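Dear colleague,

Please find the structure below.

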Amino acid sequence: MSGSNELSRRDFIKVTTGIVGGLIGAVIGLPAVYYLIDPALREGGKDAWIPIGNFDDMQIGVPYAFSFTRVQVNGWERTASSFGGYAVRRSEDPNDLLILNSRCTHLACTVNWSAEAGAFLCPCHDASFSIEGGVLHGPPPRDLDVYEEHRLTEDGLIEIFFKES
């Protein structure tokens with residue numbers, strides 16, 4: 001039979017087994033590869049506009065506390081991080097807002113507004129910041145960070161532009 005164009009039974013079984021095995025491998029293997037690679041290809045925790053509160057609820061000269069949580073997907077890991085801050089309304093103009101991050105610039109402890117002291121106080125090392133976020137006392141190397149970009153929506157909500165860093 002060798003040298004002829006006819007396919008032997010043995011060769012037919014080899015070719016058929018190879019084709020069927022390849023199809024089964026593709027049917028099982030491709031979804032498995034996609035399942036393993038897909039989380040790594042997804043983007044998570046993009047920059048976004050975050051609503052922090054209603055502009056009418058913010059009183060002039062009184063810090064307005066807000067907080068939010070962002071979920072970041074890093075491959076197969078999901079990490080939720082909490083952020084917060086204070087919006088200080090200076091006038092009736094929505095553009096005249098100072099929006100401060102509530103993390104102390106020393107060791108990232110959360111600062112709290114004290115009406116009696118008229119300052120933001122850090123409980124970790126007794127640091128204090130003015131209502132404008134400037135360092136008044138303590139070890140922080142710089143002023144509180146500021147959320148630079150904010151806007152007023154048609155619904156009266158103040159939103160900040162949060163950048164993943």
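The bend at a residue is defined here as the angle between two axes, one fitted to the seven residues ending there and one to the seven starting there. Helices (H or I, at least four residues) and strands (E, at least two) are DSSP runs, numbered from the N terminus. The model is predicted: local features need pLDDT of at least 70 and side-chain atom pairs count only at pLDDT 80 or more, while totals for chains, interfaces and linings use all residues. Residues are numbered from 1 along each chain as its sequence is written, and side-chain values use heavy atoms, with hydrogens and water left out.

Helix H1 bends by about 25 degrees at tyrosine 35, and proline 39 follows within four residues. The helix covers residues 9-41; because each residue contributes 1.5 Å, its 33 residues should span 48 Å, and the 46 Å between its end C-alpha atoms agrees with this. The expected span is 1.5 Å times one less than the number of residues.

Turning to the strands, two of them are taken to pair if DSSP finds at least two bridges between them. E1 and E10 are joined in the antiparallel sense over six bridges, and isoleucine 50 stands opposite isoleucine 160 in E10.

A further open sheet, also antiparallel, is formed by three strands in the order E2-E3-E4. E2 and E4 each have a single partner strand, so one side of each is left without a neighbour in the sheet. E3 and E4 run antiparallel and are joined by five bridges; glycine 85 stands opposite asparagine 101 in E4.

As to the interior, a nonpolar core is a set of buried (under 20% relative accessible area, 1.4 Å probe, protein chains only) Ala, Val, Leu, Ile, Met, Phe, Trp, Tyr and Cys residues joined through side-chain atoms within 4.5 Å. The largest such core has 14 residues, and those with the most contacts inside it include Ile52, Phe66, Ile99 and Ile160. Strands E1 (48-54), E2 (64-74), E3 (77-89), E4 (97-101) and E10 (157-162) each supply at least two of its residues; E10 gives the most, with three. Apart from this core lies another, of 12 residues, among them Val88, Leu98, Cys109 and Phe120.

Yours sincerely

Terms used: Buried means under 20% relative accessible area, exposed over 50%, partly exposed in between (1.4 Å probe, protein chains only).
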